[in-house]
Amino acid sequence: MPFIDVKLSKKITDEEKEQLKSDLGGAVAIMHKSESYLMVGIADGYDLYFAGKKLENGAFVSVSVFGKVSPSDAEKMTAKICGILNGRFSVSGSDVYITYGGFSDWGWNGGNF
């Protein structure tokens with residue numbers, strides 16, 4: 001039950017959103033999760049500020065999963081997400097923050113796991 005929430009300061013096309021969603025769908029395997037339950041949120045044109053300055057091309061990504069997040073998996077996922085953002089949108093890794101959260105309570109389809 002992963003959810004990856006991406007906020008980009010840059011505006012992107014619907015086609016680019018589809019490509020990003022697909023890239024993240026492949027990357028979620030790093031977290032030992034399946035794309036079949038992956039939800040992705042993408043907000044573009046989002047105002048992001050870092051060190052007191054507005055980022056023209058930056059990103060904030062939050063990765064939430066049902067269960068625990070291993071530090072090793074998070075490290076690999078960070079490298080993968082930064083690679084995707086740099087390759088697709090020329091976002092420098094120094095302008096990306098990524099957070100990870102593991103949850104023991106996760107609801108879906110009227111119930112909890």
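What follows is a short tour of the core, a surface patch, and the salt bridges.

Please keep in mind throughout that this is a predicted model. Let me begin with the largest nonpolar core, which has 23 residues, and in which I4, L8, L20, V61, I81 and L85 touch the most other members.

L20 lies in helix α1, and it counts as buried because its relative accessibility is 1%, where buried means under 20%. Setting aside neighbours within four places in sequence, L20 is in contact with V6, L8, I42, I84, L85 and F89. The C-alpha atoms of L20 and R88 are separated by 7.9 Å, although these residues are 68 apart along the chain. L85, with its neighbours within four places likewise left aside, is in contact with L8, L20, A59, V61, S90, V91 and V96.

W108 is found in strand β7, residues 107–108, and is partly exposed, with a relative accessible area of 46%.

Now the charges, where the count comes to 6 salt bridges. In one of them, K17 pairs with D44, the closest N and O atoms being 3.5 Å apart. This pair links distant parts of the chain, with K17 in helix α1 and D44 in the loop between β2 and β3, 27 residues apart. K17 counts as partly exposed at 24% relative accessibility, whereas D44 counts as buried at 15%. Both belong to a network of salt bridges that also includes K11.

A second salt bridge joins K21 to E18, with the closest N and O atoms 3.3 Å apart; both residues lie in helix α1, 3 residues apart, about one turn of the helix. In another, K54 and D47 come to 3.2 Å between their closest N and O atoms, and here K54 is partly exposed at 43%, as is D47 at 46%.

Finally, which side chain of opposite charge is nearest to the buried D73? It is K76, 4.5 Å away, and D73 has no salt bridge because the cut-off for one is 4 Å. D73 is found in helix α2 and, leaving aside neighbours within four places in sequence, is in contact with I30, M31 and H32.

Conventions. Residues numbered from 1 in each chain as written. Predicted model: local features only at pLDDT ≥ 70, side-chain atom pairs only at ≥ 80, totals over all residues. Heavy atoms only, no water. Core = buried A, V, L, I, M, F, W, Y, C linked by side-chain atoms within 4.5 Å. Buried < 20%, exposed > 50% of the residue type's maximum accessible area, 1.4 Å probe, protein only. Contact = heavy atoms within 4.5 Å. Helix = DSSP H or I, 4+ residues; strand = E, 2+ residues; numbered from the N terminus. Lys, Arg positive; Asp, Glu negative; His and termini not counted.
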